[in-house]
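Keep the structure open while you read.

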Amino acid sequence: MDPTTYERYSRQILFSKIGEAGQQLLLGSSAVIVGCGALGTALANLLARAGVGKLRIVDRDFVEPSNLQRQTLFEESDAAEALPKAVAAERRLRAINSGVSIEGIVADVSSRNAEDLVRGFPLILDGTDNFETRFLLNDVAIHLNVPWIYAAVVASYGVTLTVRPGETACLACALESGSSLAENGGSHCSDAGATSGVEDTCDTVGVLGAAAGVIASIEAAEAIKILVGTSESAGGRLISFDVWSGRFQSVRVTRDPKCRACVHHDFKYLEGDAQPRLTMCGRDSVQIHERRRQLDLAALGKRIAPTVAEVRGNGYLLRFRIPPYEMTVFADGRAIVKGTRDTSIARSLYARYIGA
Ligand SMILES: [Zn+2]
């Protein structure tokens with residue numbers, strides 16, 4: 001290792017469990033982070049600084065003022081420009097560590113593209129905000145036989161679980177098996193109905209940046225342990241922390257011998273049996289993503305300008321207002337309609353302004 005690189009990572013190299021050999025492994029390693037909100041930004045920041053050689057960050061959303069309280073890579077100017085989070089994160093991370101490779105991808109992870117987006121990476125990290133995507137990642141990780149780390153946070157509470165396919169319990173073992181852990185682990189951002197009757201989301205009860213920071217830190221430490229090849233990973237333990245009460249729990253989750261995913265390889269989320277989720281966590285918004293098409297945003301902007309208000313674009317997306325709604329359209333044909341939770345309103349606005 002050259003002296004400049006050694007100096008940069010010296011405090012991590014001094015930590016005996018990593019050392020120079022571990023640092024070399026980190027520099028040659030990679031990970032994909034799916035979702036770049038409170039967890040994803042904190043995680044990406046820690047891993048880029050730690051010298052993980054290549055990070056891919058996938059996110060479907062754009063930066064808004066309400067993100068700045070907890071999404072630590074973003075600045076006021078990113079929100080003013082409505083930059084896609086993947087683009088803003090890539091810029092900031094490159095400035096933080098020019099010695100690692102950062103790739104931001106603006107995309108909505110679905111059963112159609114999930115395997116392509118994570119293929120080739122030895123570790124998948126959860127920065128998402130909904131259980132449907134998490135169960136999809138669980139299916140993909142088991143199918144590709146790649147470790148992944150689940151993490152979720154809401155209010156002052158967060159939880160994380162490291163999954164090593166074939167060795168430890170998976171997310172379906174923990175949350176679908178009907179054990180008491182299902183309630184324990186499922187009571188956050190579970191708007192996709194992973195458990196019945198639990199509706200707390202970041203949208204209804206808020207979320208503290210401090211809670212996201214704790215869980216992202218545990219997730220980052222787990223990631224580093226996996227990438228340096230230590231056997232000390234907390235794989236199979238559901239770790240939770242409440243920053244308000246100070247309660248910490250670390251509970252072993254046993255593999256479910258009848259598990260749909262890791263035993264029977266019934267990948268219902270990957271095979272697209274699950275319904276696409278339309279209402280987004282954290283906002284009064286609906287995402288339309290059934291229609292796949294490449295849009296010429298400049299041409300669209302010109303076409304609709306006479307009939308809508310405040311048309312703005314930044315090269316990645318086009319935004320305009322149809323009071324009381326605001327629509328943001330991406331080049332891949334996705335749109336986010338703000339100001340409603342009613343999917344039929346969102347669909348009819350999409351049909352009227354973008355096309356059927
Ligand atoms: Zn399982």
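This is a predicted model: local features need pLDDT of at least 70, side-chain atom pairs count only at pLDDT 80 or more; totals for chains, interfaces and linings use all residues.

## The big picture

The protein has 14 helices and 13 strands. Of its 356 residues, 56% are buried. As for how the chain folds back on itself, take the contacts between residues at least 6 apart in sequence: 65% of them join residues at least 24 apart.

β10 (309–313) and β11 (317–322) pair in the antiparallel sense, over 3 bridges. They belong to an open sheet of 5 strands, ordered β9-β13-β12-β11-β10, with antiparallel pairing. β9 and β10 stand at the edges with a single partner strand each, so one side of each has no neighbour in the sheet. On average, neighbouring strands here are turned by 15° against each other, ignoring direction. As a bit of background, strands of a sheet pair through backbone hydrogen bonds, in either a parallel or an antiparallel way.

Helix α13 (residues 297–304) lies across β10, β11 and β12, and runs at about 15° to β11. Helix α14 (residues 343–353) packs on the sheet too, touching β9, β11, β12 and β13. The direction of α14 makes about 50° with that of β9.

Then follow the chain to the loop between β11 and β12, where Pro-324 lies. The peptide bond from Pro-323 to Pro-324 is cis, with omega near 5°.

## The zinc site

What holds the zinc ion? Its protein donors are the SG atoms of Cys-170, Cys-173, Cys-259 and Cys-262, lying 2.2 to 2.3 Å from the ion. The 4 donor atoms subtend angles of 98 to 119° around the zinc, so the arrangement is tetrahedral. Along the chain, the donors follow the spacing C-x2-C-x85-C-x2-C.

Cys-173 and Cys-262 link distant parts of the chain, being 89 residues apart. Cys-173 is in helix α9 (residues 171–175), while Cys-262 is in the loop between β8 and β9. Both Cys-173 and Cys-262 are buried.

## A run of paired strands: β6, β7 and β8

Here β7 is the strand to follow. Strand β6 (residues 157–163) is joined to β7 (residues 237–242) by 5 bridges, and the two run antiparallel. β7 is also joined to β8 by 5 bridges, again antiparallel.

Ser-240 lets you trace across these strands. In β7, Ser-240 is the bridge partner of Val-159, and in β8 the bridge partner of Ser-240 is Gln-249. The hairpin of β7 and β8 has 5 residues between the strands, and in it Gly-246 takes a positive phi near 80°.

Start with Asn-113, in the loop between β3 (101–106) and α7 (114–118). Is Asn-113 buried or exposed? With a relative accessible area of 16%, Asn-113 is buried, since the label applies under 20%. Its side chain reaches the backbone oxygen of Asp-108 at 2.9 Å.

Asn-145 is in the loop between α8 (131–144) and β5 (148–154). Although it is not a glycine, Asn-145 has a positive phi of about 55°. At 55% relative accessibility, Asn-145 counts as exposed.

Asp-200 counts as partly exposed, with a relative accessibility of 37%. Asp-200 and Val-154 are 46 residues apart along the chain, and their C-alpha atoms are separated by 7.6 Å.

Conventions
Residues are numbered from 1 along each chain as its sequence is written. Side-chain values use heavy atoms; hydrogens and water are left out. Donors are N, O and S atoms within 2.8 Å of the metal (3.2 Å for Na, K and Ca); water is not among the atoms, so sites may look incomplete. Four donors count as tetrahedral if all angles lie between 85 and 135 degrees; four count as square planar and six as octahedral if opposite donors are over 155 degrees apart and all others between 65 and 115; anything else is irregular. Helices (H or I, at least four residues) and strands (E, at least two) are DSSP runs, numbered from the N terminus. Buried means under 20% relative accessible area, exposed over 50%, partly exposed in between (1.4 Å probe, protein chains only). A polar contact is a pair of N or O atoms within 3.5 Å; within protein, one must be able to donate a hydrogen and the other to accept it, and residues adjacent in sequence count only if both atoms are side-chain atoms. Two strands pair if DSSP finds at least two bridges between them. Axes are lines fitted to C-alpha atoms, for helices over the stretch in contact, and angles run from 0 to 180 degrees between N-to-C directions. Contact means heavy atoms within 4.5 Å.
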